Amino acid sequence: MRFNRTFCISLFFLATLGCSSSESEGWQIKGDGLISKFAKDVDPSNTLSEYPRPQLQRDDWMNLNGLWDYAVLPKNSSAFEKGQGKILVPFPIESALSGVKRKVTPDQKLWYRRTFQLPSSWENRRVILHFGAVDWEAKVWVNGNEIGIHRGGYDAFSFDITEYITPGSNQTLTLAVWDPADTEEIPRGKQVLKPRGIWYTALTGI
């Protein structure tokens with residue numbers, strides 16, 4: 001499950017990314033199904049802001065949880081040109097807390113995009129982009145440069161993006177996520193496209 005996995009950029013600095021009040025007003029829990037008592041405490045401008053690895057906590061880091069642009073496009077799509085709305089990271093798109101609650105099938109890709117600013121104090125420091133988990137295949141771009149691909153929905157991964165950023169300027173982070181769910185033999189727990197009995201709803205994305 002993706003709700004307990006934090007997504008962050010870390011470096012030897014301290015900063016916090018949030019979203020404006022107008023963005024927060026556009027998000028709401030979707031659906032009328034079973035919602036936990038903690039759901040009402042979810043704040044889009046301060047989503048799961050704790051450090052993701054308490055045993056390895058550093059003083060300087062940035063959390064990129066929050067509202068992102070998203071689009072669900074055909075699997076063969078190669079670019080994210082126009083968003084279809086906002087999604088709350090790190091909740092999977094199928095969940096009520098994502099603000100979308102939409103099914104993504106194996107013939108589709110889930111695209112994410114977010115623009116953020118890094119302080120000028122990042123000069124001459126290494127910038128590491130960390131993902132707690134992305135289900136299942138994630139291709140990552142920073143400022144239009146392809147950084148790498150990771151496959152596997154249950155493990156964390158990182159990229160050194162130092163050479164692709166400009167401290168003090170806006171940065172654009174883009175992800176394309178594809179999830180075959182139970183159409184392929186991959187580690188997926190009990191997630192299936194057609195949940196029944198003991199099987200769970202398939203989850204996609206950050």
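**Exercise 1. Find the side-chain partner of Asp155 and describe where Asp155 sits.**

Solution. 
- Step 1: The side chains of Asp155 and His150 are joined by a polar contact of 3.4 Å. A polar contact is a pair of N or O atoms within 3.5 Å; within protein, one must be able to donate a hydrogen and the other to accept it, and residues adjacent in sequence count only if both atoms are side-chain atoms.
- Step 2: Asp155 lies in the loop between S8 and strand S9 (157-160). Strands (E, at least two residues) are DSSP runs, numbered from the N terminus.
- Step 3: Is Asp155 buried, exposed or partly exposed? Its relative accessibility is 36%, so Asp155 counts as partly exposed. Buried means under 20% relative accessible area, exposed over 50%, partly exposed in between (1.4 Å probe, protein chains only).

This is a predicted model: local features need pLDDT of at least 70, side-chain atom pairs count only at pLDDT 80 or more, and totals for chains, interfaces and linings use all residues. Residues are numbered from 1 along each chain as its sequence is written, and side-chain values use heavy atoms, with hydrogens and water left out.

**Exercise 2. Classify the ring pair Trp68 and Tyr112.**

Solution. 
- Step 1: Recall the cut-offs. Rings of Phe, Tyr and Trp (its six-membered ring) pair if their centres lie within 6.5 Å; planes under 30 degrees apart count as stacked, over 60 as edge-to-face and the rest as tilted.
- Step 2: The whole structure holds 7 aromatic pairs. For Trp68 and Tyr112, the centres are 6.1 Å apart and the planes stand at 85°, so this pair is edge-to-face.
- Step 3: Trp68 is in strand S3 and Tyr112 in strand S5, 44 residues apart, and the pair links distant parts of the chain. Both Trp68 and Tyr112 are buried.

Key
Helices (H or I, at least four residues) and strands (E, at least two) are DSSP runs, numbered from the N terminus.
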